[in-house]
Amino acid sequence: MKLAERIKQAPPYLFAALSQKKEELLKRGVDVIDLGVGDPDRPTPQHVVEALKQAAENPANHRYPPYEGSMPFRSAMAQYYESRFNVTLDPAREVMTLIGSKEGIAHLIWAFIGPGDVALVPEPAYPVYGVQTQLAGGTPYYLPLCEERDFLPDLDSIPADVLDRSRLLFLNYPNNPTSAVASREFFARAVEFGHKHQILICHDAAYVELTFDGYVAPSILEVPGAKEVAVELYSLSKPFNMTGWRLAAACGQSRALFEGLGIIKTNTDSGQFVAIQDAGIEALKREPARFIQEMNQIYAQRRHVLTEGLKQAGLTVRSPLGTFYVWTVVPEGFTATSFSERLLEEAGVVISPGVAFGQAGEGYVRFALTVEEERLAEAVRRIQQAL
Ligand SMILES: Cc1ncc(COP(=O)(O)O)c(C=O)c1O
């Protein structure tokens, strides 16, 4: 059997490689603490689970779902945007249900990128933007995110011939992996850029609810005129501990959603189980702010334990305002990979080397705050010893 060329060219998926390494250590009996993958460790709110149970009993939900999502879920999403961001969305034209935001990223790329087209992709970044662009036959043009620019891309640095071929710009704030945040002013500049060059902006807002110290992250759709050039992906995965449920929404630019994404989706998937969307309504409607605040307090406390511990181990650490990641410069004498290997082998702690998110991530590593505080404290103790 011969695999397609595009498969041979795809790099191994970062987290698959990490979990393989972790498995090897576990087999050797090592008590591994996994700060690698950013997957919330706490359960989904109980009322959401109960809503799923009820919705699963309803035979009407057992049939094919509408490909663009159930209208009650899309309406709940629009109402949420109104109350949370003061953004008005028409659920019929400006909201589409996704099977997780990863699905939306992949399919938006297939809707907008073909051979010869360019996607503007930040680096380091969630690997799916770049890899899917390549799978679709396009070319990623990487925009380095560096500390001197607060991990924001320099949109003015893109050469004119690249701009001519660019169809999509990816942004993601609060940012994975750098944990940087972006202001509304930055989004306003991006929207202006999108208008000027007729490039669709895909803002991946996976971490928009995960913020600390009183900071509240904006939606790009708050910017006047954004809905004409931007699609924002809002995921229920991280704010409501629902990564396994696969539920998100694409909001904004109507044609991009219904003439682009929708065509790919109707020919690929048949939408998300309506019972899961019904449960998602419960997450969005029943005191979402209270649950999110509770979780953010937990992550803030874990962030404190980790950052203080790493500082004591001699590392230079910034305390992030958003995401459940801590992005740190590796100590002198190490590369991102050699430092990660050192912590894995001598402390049994899995972290992500920055290069796993692109070459611009060299010199950094990412710690995820998705284990309980005691385990994090234990990880810190072991790291201090290992160094
Ligand atoms: C930046 C970013 N975007 C998207 C996703 C995928 O989220 P979802 O569960 O909604 O597919 C992740 C998951 O880690 C992520 O880090």
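In this predicted model, an oxygen atom of the ligand is 2.7 Å from an N or O atom in the side chain of Ser 101, a polar contact being a pair of N or O atoms within 3.5 Å. Local features need pLDDT of at least 70 and side-chain atom pairs pLDDT 80 or more, whereas totals for chains, interfaces and linings use all residues. Residues are numbered from 1 along each chain as its sequence is written, and side-chain values use heavy atoms, leaving out hydrogens and water.

| Residue | Protein atom | Distance |
|---|---|---|
| Ser 101 | side-chain N or O | 2.7 Å |
| Lys 102 | backbone N or O | 2.9 Å |
| Lys 238 | polar side-chain atom | 2.6 Å |

Taken alone, the ligand exposes 400 Å², of which the protein buries 93%, with accessible areas taken from the Shrake-Rupley method with a 1.4 Å probe. Of the 14 residues around the ligand, those that come nearest are Ser 101, Asp 204, Ser 235, Ser 237 and Lys 238, where a residue counts as near if one of its heavy atoms lies within 4 Å. This shell divides into four nonpolar, six polar and four charged residues, Gly being counted among the polar ones.

Helix H6 (residues 101–112) and helix H10 (residues 254–266) have axes that come within 8 Å and cross at roughly 105°; the two are therefore roughly perpendicular to each other, a description that covers angles of 65 to 115 degrees. The contact (heavy atoms within 4.5 Å) involves residues including His 107 and Trp 110 of H6 and Leu 261 and Ile 264 of H10, and its residues divide into seven nonpolar, three polar and two charged.

Methods:
Axes are lines fitted to C-alpha atoms, for helices over the stretch in contact, and angles run from 0 to 180 degrees between N-to-C directions. Helices (H or I, at least four residues) and strands (E, at least two) are DSSP runs, numbered from the N terminus. Angles under 35 degrees count as roughly parallel, over 145 as roughly antiparallel, 65 to 115 as roughly perpendicular and the rest as oblique. A polar contact is a pair of N or O atoms within 3.5 Å; within protein, one must be able to donate a hydrogen and the other to accept it, and residues adjacent in sequence count only if both atoms are side-chain atoms.
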